[in-house]
Amino acid sequence: MLDKPKILRTPAQLTAFIRLTIPHDDIGEMMGPGIAELMATVAAQDITPAGPWFTHHLRMDPDGWDFEICVPVPTAVEPSGRVQPGELAGATVARTTYRGPYEGLGPAWEEFLNWVEAEGHKPAPDLIECYVKGPESSADPAEWRTELTKPLVR
């Protein structure tokens, strides 16, 4: 289920991230360890995340995904292993919240992107999934919340 989409302007946000370029089938085995590594590195630098973790998908094609596992931070992290400092640029975006299990994200994105186009907006090539509430906060997938953000070309 999707909340009503909206258009808004987001501010720039410092991030800590790990970039991955992987085949689609590897997402299940790569995501968990990547999140754990990212959060451990941020914590080891005595930095408290400024919000929930998210993925910033830069390229999605039949061969695989090029994306960053990110967490917003109030101050820049020091590079450590695969963890790098970054900044998500401010942008005009379309945003909605999907309510439900992760298996429903594909159809949710399709519905959301159809709305973006039907409203006459021109989408940028990237997208962002912010995992607001997931398995770490509830065993019931009906309670999970994933914020879907599609940057727009102005």
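Predicted model: local features only at pLDDT ≥ 70, side-chain atom pairs only at ≥ 80, totals over all residues.
Student: Where do I start? Which elements does the protein chain hold, and in what order do they run?

Tutor: Start with the count. The protein chain has two helices and eight strands. From the N terminus, the order is β-β-α-β-β-β-β-α-β-β.

Student: How does the radius of gyration compare with the globule rule?

Tutor: The rule gives a value for a chain of a given length. For 154 residues it gives 15 Å, and the radius of gyration here is 15 Å, so the chain is as compact as a globular protein of that length. Along the principal axes, the C-alpha atoms fill a box of roughly 45 × 35 × 30 Å.

Student: What share of the residues is buried, and what share of the accessible surface belongs to carbon and sulfur atoms?

Tutor: Buried residues account for 42% of the 154. The accessible surface is about 8100 Å², and carbon and sulfur atoms supply 55% of that.

Student: Which contacts should I look at for sequence separation?

Tutor: Take contacts between residues at least 6 apart in sequence. In this chain, 75% of them join residues at least 24 apart.

Student: And charge? How many positive and negative side chains are there?

Tutor: There are 13 positive and 23 negative side chains. The centres of the two sets lie 9 Å apart.

Student: Which residues touch the most other members of the largest nonpolar core?

Tutor: A core is a set of buried nonpolar residues joined through side-chain atoms. The largest one has 17 residues, and Ala16, Leu38, Val42, Ile69, Val73 and Val77 touch the most other members. Strand E2 (13–22), helix H1 (27–44) and strand E4 (64–72) each give two or more residues to this core. Apart from it lies another core, of 11 residues, including Ala94, Leu105, Ala108 and Leu127.

Student: What does valine 77 contact beyond its neighbours within four places in sequence?

Tutor: Its partners are Ala16, Val42, Gln45, Ile47, Val83, Gln84 and Pro85.

Student: Is aspartate 46 buried or exposed, and why?

Tutor: Exposed means over 50% relative accessibility. Aspartate 46 has 74%, so it counts as exposed.

Student: Where is threonine 97 found, and which residues does it touch?

Tutor: Threonine 97 is in strand E6 (residues 91–99). Buried means under 20%. Threonine 97 has 18% relative accessibility, so it counts as buried. Setting aside residues up to four places away, threonine 97 touches Met1, Leu2, Asp3, Arg145, Thr146 and Glu147. Threonine 149 is 52 residues from threonine 97 along the chain, but their C-alpha atoms are separated by 8.7 Å.

Student: Last case. Where does proline 5 lie, and is it buried or exposed?

Tutor: Proline 5 lies in the segment before strand E1 (6–10). Its relative accessibility is 16%, so proline 5 counts as buried. Beyond neighbours within four places, proline 5 contacts Arg95, Thr96, Phe112 and Trp115. The C-alpha atoms of proline 5 and valine 93 are separated by 10 Å, with the two residues 88 apart along the chain.

Key:
Residues numbered from 1 in each chain as written. Heavy atoms only, no water. Helix = DSSP H or I, 4+ residues; strand = E, 2+ residues; numbered from the N terminus. Rg over C-alpha atoms; globule rule 2.2 N^0.38 Å. Buried < 20%, exposed > 50% of the residue type's maximum accessible area, 1.4 Å probe, protein only. Contact = heavy atoms within 4.5 Å. Areas by Shrake-Rupley, 256 points an atom, 1.4 Å probe, with all protein chains shown as cover. Lys, Arg positive; Asp, Glu negative; His and termini not counted. Charge placed at Lys NZ, Arg CZ, Asp CG, Glu CD. Core = buried A, V, L, I, M, F, W, Y, C linked by side-chain atoms within 4.5 Å.
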